Amino acid sequence: MSSARPRERAHPTPARYTAVALVLAVVTIVEVTAVYQAFLADILLPILLVLSATKFALVAMFYMHLRFDHRLFSALFVGGLLLTAGILIALLALFRVIVQ
Amino acid sequence: MHVTAPGHAAPLETSTGLDHRKLLMWAFLGSDCLFFGSLIATYLLYRGKSITGPYPHEVFNIPYTSVSAFVLLTSSLTMVLALAAIQRGDQRGLKAWLLATALLGGVFLGGQYFEFTTFIREGLTLRANLFGSTFFTLTGFHGAHVTVGVIILLSLFVTALRGRLPRERHLNVELAGLYWHFVDVVWIVIFTVVYLVEAPNIVGAG
């Protein structure tokens with residue numbers, strides 16, 4: 001039998017965790033600042049969605065260790081996320097929120 | 001001979017070589033995505049459909065909720081620092097970071113209690129309109145998840161105080177951490193799709 005489990009890497013150090021926290025804090029500040037900028041009104045929604053997705057991915061990859069752990073864990077979580085996204089889009093389309 | 005990356009448990013004699021408890025936690029979190037996804041979808045379906053007030057832009061206080069979001073994000077950092085502490089055998093650090101995480105969770109819950117009672121005083125209840133029903137259901141279930149997380153963290157803290165959480169049992173802290181971070185990522189989504197999209201610029205633009 002082979003030795004190490006495939007695709008597992010060492011978890012980050014406390015310094016790296018803190019660096020991720022700083023990035024998360026900056027992104028949150030950018031989010032909150034952006035909603036008060038009138039000139040961003042037309043593109044605010046996509047900006048907020050991208051920033052939110054960035055924070056989500058950072059926490060999942062570094063704090064939940066999906067970037068370092070076995071891929072089966074990622075498959076379980078991302079599978080749930082994809083199902084959720086599919087249901088969300090289907091419901092919003094069914095009730096004509098996103099499709100006229 | 002087994003080689004294990006730092007921070008990982010030694011391979012187990014299971015069909016996958018992975019710990020079943022961790023696998024189960026990820027399966028639970030994957031299914032909990034569907035739970036919150038349904039609640040968020042329901043909120044979005046009924047957004048802007050209330051025929052009586054109070055309306056979101058009348059009650060939301062974005063700066064206040066931003067502080068709550070920041071508190072929960074900070075608790076995710078203290079949670080991983082607790083995990084890092086137990087993985088290097090630092091019992092003192094483990095207890096301090098676990099307690100800090102539970103306290104930050106408590107601060108978030110206190111903030112949510114204050115927000116809910118303020119909204120109720122302003123006339124927004126579960127029965128007031130579609131916004132009230134969907135908002136309290138979504139954020140209430142999230143608050144319930146945070147409450148469960150705080151209870152888990154406090155039980156881990158007490159276990160550590162009694163000296164029953166040695167380095168070898170770091171998976172217990174990791175599993176609690178996964179749950180806690182999940183609660184955090186759910187709030188990241190709620191903060192955007194419920195609160196920030198009601199900001200004056202977007203409401204005005206729509």
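1. Contact between the domains of chain A. In this predicted model, five residues of domain 1 of chain A are in contact with five residues of domain 2 of chain A. On the domain 1 side, the touching residues divide into four charged, one nonpolar and no polar.

2. Where the domains lie. The domain assignment of chain A gives residues 1-69 to domain 1 and residues 70-100 to domain 2. The C-alpha centres of domain 1 and domain 2 of chain A are 20 Å apart.

3. Contact between the chains. Now turn to the two chains. Here 48 residues of chain A are in contact with 49 residues of chain B. Three helices of chain A each supply at least two residues of the side that touches chain B: α1 (14-34), α2 (44-63) and α3. Which helix gives the largest share of that side? It is α3(A), with 13 residues.

4. Make-up of the chain A side. The residues of chain A's side that touches chain B divide into 33 nonpolar, nine polar and six charged.

5. Look at helix α3 (residues 71-94) of chain A and helix α1 (residues 20-45) of chain B. Their axes come within 8 Å. They cross at roughly 15°. Angles under 35 degrees count as roughly parallel, so α3(A) is roughly parallel to α1(B). The crossing of α3(A) and α1(B) is right-handed.

6. Residues in that helix contact. How do the residues of the contact of α3(A) with α1(B) divide? There are 18 nonpolar, seven polar and no charged.

Notes. Residues are numbered from 1 along each chain as its sequence is written. Chains are lettered from A and ligands numbered from 1 in the order in which they are written. This is a predicted model: local features need pLDDT of at least 70, side-chain atom pairs count only at pLDDT 80 or more; totals for chains, interfaces and linings use all residues. Axes are lines fitted to C-alpha atoms, for helices over the stretch in contact, and angles run from 0 to 180 degrees between N-to-C directions. Helices (H or I, at least four residues) and strands (E, at least two) are DSSP runs, numbered from the N terminus. Angles under 35 degrees count as roughly parallel, over 145 as roughly antiparallel, 65 to 115 as roughly perpendicular and the rest as oblique. A crossing is left-handed if the near helix is turned anticlockwise from the far one by less than a right angle, and right-handed if clockwise. Ala, Val, Leu, Ile, Met, Phe, Trp, Tyr, Cys and Pro count as nonpolar, Asp, Glu, Lys and Arg as charged, and the others, Gly among them, as polar. Two residues are in contact if their C-beta atoms, placed from the backbone, lie within 7 Å. Domain bounds come from an automatic or database domain assignment.
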